[in-house]
Amino acid sequence: MAGPAGPEGRDLQAFAVELRRLNGEMNRLVHGFAATQGLHATDVQALAAILDSDTPLTPGRLREHLGLTSGAVTACLDRLERAGHIRRSRDSKDRRVVHLHYAPRGRSAARAHFLPLAEAAARAQEGFGDDELAVVLRFLTAMNEELDRLSGRR
């Protein structure tokens, strides 16, 4: 039986179910990676933020992104650095500023672990045309913007 439909007959329940399934599977993969690397799930969220940032993140920006205390971010970054996933560097113009970088060893470990996910995504994309994929990307972007609003980040 179909769930509640939106104003134009969209099945919101089906969206909710599929998004929860996707989130659950992504969490399973993240927790598996964290376990193999001796990290916490929050550490993997930090790695993703560092990887996805257009410019090198600072610990302060990472703290805002993750919604953690300064002490929690410091502990997270210490674990990531010890495990070889990140490196810290001082800004050449302002030595007080620290930039976070994904280290080659960390990138290699993440690529190896998440390769099956990348391959699954490529297989899933094969069933869609460019226009359809553009709509999916627009939806995911809009959904992330709404989640940012809900969390107070926007």
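What follows is a working chat about the fold, salt bridges and surface of one predicted protein model.

Colleague: Before we start, what kind of model is this, and how are the residues numbered?

Modeller: This is a predicted model, in which local features need pLDDT of at least 70 and side-chain atom pairs count only at pLDDT 80 or more, while totals for chains, interfaces and linings use all residues. Residues are numbered from 1 along each chain as its sequence is written, and side-chain values use heavy atoms, with hydrogens and water left out.

Colleague: How many helices and strands are there, and in what order do the elements run?

Modeller: The protein has 6 helices and 2 strands, where helices (H or I, at least four residues) and strands (E, at least two) are DSSP runs numbered from the N terminus. Starting at the N terminus, the order is α-α-α-α-β-β-α-α, and the C-alpha trace spans about 55 × 35 × 30 Å along its principal axes.

Colleague: And what share of the residues is buried?

Modeller: Of the 154 residues, 23% are buried, with buried meaning under 20% relative accessible area, exposed over 50%, and partly exposed in between (1.4 Å probe, protein chains only). As for contacts, meaning heavy atoms within 4.5 Å, residues 24 or more positions apart account for 43% of those with a separation of 6 or more.

Colleague: Switching to charges, how many positive and negative side chains are there?

Modeller: There are 22 positive and 20 negative side chains, and the centres of the two sets lie 9 Å apart. Lys and Arg count as positive and Asp and Glu as negative, with His and the chain ends not counted, and each charge is placed at NZ of Lys, CZ of Arg, CG of Asp or CD of Glu.

Colleague: How many salt bridges does a search of the whole structure find?

Modeller: The search finds 7 salt bridges, each being a side-chain nitrogen of Lys or Arg within 4 Å of a carboxyl oxygen of Asp or Glu. One of them pairs D78 with R88, whose closest N and O atoms are 2.8 Å apart. D78 lies in helix α4 (residues 70-82) and R88 in strand β1 (residues 86-90), so this pair ties together parts that are 10 residues apart in sequence.

Colleague: Where do E18 and R21 lie?

Modeller: Both lie in helix α1 (residues 12-37), 3 residues apart, which is about one turn of the helix.

Colleague: Which residues make the nonpolar surface patch?

Modeller: L12, F15, L19, L22, M26, V136, F139 and L140 make a patch of about 640 Å². Patches use residues with over 30% relative accessible area and no salt bridge, joining like charges within 9 Å and nonpolar side chains (Val, Leu, Ile, Met, Phe, Trp, Tyr) within 5 Å.

Colleague: Which helix supplies the largest share of it?

Modeller: Helix α1 does, with 5 residues, while α1 and α6 (130-151) each supply at least two. L140 is in helix α6 and is partly exposed at 36%.

Key: Areas by Shrake-Rupley, 256 points an atom, 1.4 Å probe, with all protein chains shown as cover.
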